[in-house]
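Trainee: Could we go through this chain together, beginning with its overall make-up and ending at its surface?

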Amino acid sequence: MTELNRFGIAMEKSLLADLDELAERRGANRSEVVRDLVRAEIARTRAQQGVPAVGSLIFVYDHHVRDLTERLNDLQHELGERVLCSLHIHLDHHNCMEVVVLRGNSREMQVESERLLATRGVVHGALHVVPEDLSGHGHGGHKHAKAKGER
Ligand code: NI
């Protein structure tokens with residue numbers, strides 16, 4: 001089990017109350033919630049720096065917009081092997097949803113995704129990036145180890 005170190009955190013009463021409410025909703029304790037927030041922020045900051053990463057790009061578009069399907073297809077072909085797989089769902093008469101799983105440099109992934117999402121006719125989209133190197137906060141980071149006396 002990973003050794004945990006204790007340290008004090010000072011925060012406003014109201015913020016602490018919000019933290020406790022969040023923890024209760026998640027069925028977790030304060031320490032677990034704070035650890036998850038720190039891991040998420042570290043991952044987010046690393047992703048901005050250009051590190052090896054995997055990502056999921058999700059977007060919705062109207063396939064009746066002229067040439068849009070072809071343009072989106074071209075953009076994905078340009079990404080080549082960086083596209084691990086993709087999923088296409090026909091949502092309704094007009095709209096299609098695509099989920100594209102990417103692997104590569106996180107910064108480039110963001111730039112390429114923004115280019116695709118900026119294409120006219122793409123009505124909704126978002127990229128979620130996960131850095132591949134999660135060492136330090138551990139692949140076993142979700143063991144939810146408890147320090148002695150932790151609430
Ligand atoms: Ni479709």
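The conversation below takes up the elements, the sheet and a surface patch.

Mentor: This is a predicted model, in which local features need pLDDT of at least 70 and side-chain atom pairs count only at pLDDT 80 or more, while totals for chains, interfaces and linings use all residues. Residues are numbered from 1 along each chain as its sequence is written, and side-chain values use heavy atoms, with hydrogens and water left out.

Trainee: In what order do the elements of the chain run from the N terminus on?

Mentor: Helices (H or I, at least four residues) and strands (E, at least two) are taken as DSSP runs and numbered from the N terminus. The chain holds four helices and four strands. From the N terminus on, the order is α-α-β-α-β-β-α-β.

Trainee: Which strands stand at the edges of the sheet, each with a single partner strand?

Mentor: Two strands count as paired if DSSP finds at least two bridges between them. The four strands form an open sheet with antiparallel pairing, in the order β2-β3-β1-β4. One side of each edge strand is left without a neighbour in the sheet, because each has a single partner strand, and these edge strands are β2 (83–90) and β4.

Trainee: How many bridges join strand β1 to strand β3?

Mentor: β1 spans residues 52–62 and β3 residues 95–105, and the two run antiparallel. Within this pairing, Leu 57 has Val 100 in β3 as its bridge partner. β1 also pairs in the antiparallel sense with β4 (residues 122–131), over nine bridges. For β1 and β3, the number of bridges is 11.

Trainee: Which residue in β4 is the bridge partner of Ile 58?

Mentor: In a regular strand the side chains alternate between the two faces of the sheet. The pairing to follow here is that of β1 with β4, which is antiparallel. In β4, the partner of Ile 58 is Ala 126.

Trainee: Is Phe 7 buried or exposed?

Mentor: Phe 7 lies in the segment before α1 (13–26), and together with Ile 9, Met 11 and Leu 15 makes a nonpolar surface patch of about 410 Å². Buried means under 20% relative accessible area, exposed over 50%, and partly exposed in between (1.4 Å probe, protein chains only). Because its relative accessible area is 65%, Phe 7 is classed as exposed.

Trainee: What share of the 151 residues in the chain is buried?

Mentor: The chain exposes about 10,400 Å², of which carbon and sulfur atoms supply 54%; accessible areas come from the Shrake-Rupley method with a 1.4 Å probe. Of the 151 residues, the buried share is 28%.

Methods. Patch = residues over 30% accessible without salt bridge, like charges linked within 9 Å, V, L, I, M, F, W, Y side chains within 5 Å. Salt bridge = Lys/Arg side-chain N within 4 Å of Asp/Glu carboxyl O.
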